[in-house]
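Reader: Before I rely on any label, I would like to see the rule behind it. Please take the terms one at a time.

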Amino acid sequence: MPLDVVDLRAFYASPLGHVARRFIGQAMLRFWPDCSRQRLLGLGFCTPYLSVLGVGAERVLAFMPAAQGVVNWPSEGLSASALVEPTLLPLPTASVDRIVLAHALEETESPGDMLEEVSRVLSPGGRLIVVAPNRRGLWARMDGTPFGHGRPFSRTQLESLMRSAEFSSENWAEVLYVPPLRRRVLMRSAAVWEQVGAGLSLPFAGVHVIDATKQFYRRAPLRATRRSFAFRPILLPQPAPTQGAAAHRRDGEAG
């Protein structure tokens, strides 16, 4: 069952949600420290991160999947959120410069189709950040958080998906080493968990954060050709008989 936007909003309002937003947002800011004069799109539930990344951006849009639901965002001013079909975005080709996917790829039935549509609306050389639960992490094994729903991914699976959609990974981070338990002791020591986990490159981080670039060109598949050495008959043209030779042949048959 897809996540509901009300549950997502409630999670990010909780202390554990604040921890997730803090460390995922820090990874995003390391990759994109400045989005000035950029057209920024968030697909999924990205409003906790768009508020940080979108400072100085030319335009910021928050698209939320129809199965999830939509909330008004931002709370002040004109709304920039919309309910969409993730594989049929209501945007022209190459119309945005940067896209964030959060709580989106693991919830869709066709992640490849979603990335293909994201590639369509992203300008050549545009940047993409993907936030996806780690298959080997604790957060994907416990359904008390949004990262425990949907389909988690390994690093190899994400690399294959992004390569198929013509994205080249530039930066990769793994965050949320702290266990997803709502205990004050863990919340207070979350920074220590992150430092130790990242420093030792431990494999059980909760979330992948990938920064990728859309390729300028599309690779043409190489097709192997086979050479056949089978002998084939060659038909040679036969000369047509002349008029005099045909008359001589008829005279000979008459005699």
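Author: A charge sits over a ring if NZ of Lys or CZ of Arg is within 6 Å of the ring centre and within 35 degrees of the ring normal. This is a predicted model, in which local features need pLDDT of at least 70 and side-chain atom pairs count only at pLDDT 80 or more, while totals for chains, interfaces and linings use all residues. Residues are numbered from 1 along each chain as its sequence is written, and side-chain values use heavy atoms, with hydrogens and water left out.

Reader: Which ring does R98 lie over?

Author: R98 lies over the face of W32, at 5.1 Å from the ring centre. The distance limit is 6 Å. R155 is placed over the face of W172, with 4.2 Å to the ring centre.

Reader: Why is the pair Y12 and F45 called stacked?

Author: Rings of Phe, Tyr and Trp (its six-membered ring) pair if their centres lie within 6.5 Å; planes under 30 degrees apart count as stacked, over 60 as edge-to-face and the rest as tilted. By this rule there are 5 aromatic pairs. The ring centres of Y12 and F45 are 5.9 Å apart and the planes are at 25°, so the pair is stacked. Y12 is in helix α1 (residues 5–12) and F45 is in the loop between β1 (39–44) and α3 (47–53), 33 residues apart. Helices (H or I, at least four residues) and strands (E, at least two) are DSSP runs, numbered from the N terminus.

Reader: What makes the pair Y12 and Y49 edge-to-face?

Author: The centres of these rings, Y12 and Y49, are 5.9 Å apart and the planes are at 90°, so the pair is edge-to-face. Y12 lies in helix α1 and Y49 in helix α3, so the pair ties together parts 37 residues apart in sequence. Ring pairs link F11, Y12, F45 and Y49 into a cluster.

Reader: Why does L43 count as buried?

Author: Buried means under 20% relative accessible area, exposed over 50%, and partly exposed in between (1.4 Å probe, protein chains only). L43 has 0% relative accessibility and therefore counts as buried. L43 lies in strand β1. Among the residues that L43 touches, not counting those up to four places away in sequence, are F63, V84, P86, M114 and V118. Contact means heavy atoms within 4.5 Å. Y12 and F45 are buried too, and Y49 is also buried. Of the 255 residues of the chain, 45% count as buried.

Reader: Why are α4 and α5 called oblique to each other?

Author: Axes are lines fitted to C-alpha atoms, for helices over the stretch in contact, and angles run from 0 to 180 degrees between N-to-C directions. Angles under 35 degrees count as roughly parallel, over 145 as roughly antiparallel, 65 to 115 as roughly perpendicular and the rest as oblique. Helices α4 and α5 pack at an angle of about 45°, with their axes 9 Å apart. They are therefore oblique to each other. In α4, P111, G112, L115 and E116 meet L161, M162 and S164 of α5.

Reader: What makes α2 and α7 oblique to each other?

Author: Helix α2 (residues 15–31) and helix α7 (residues 190–200) pack at an angle of about 40°, with their axes 11 Å apart. The pair α2 and α7 is therefore oblique. V19, R22 and F23 of α2 make the contact with A190, A191 and E194 of α7.
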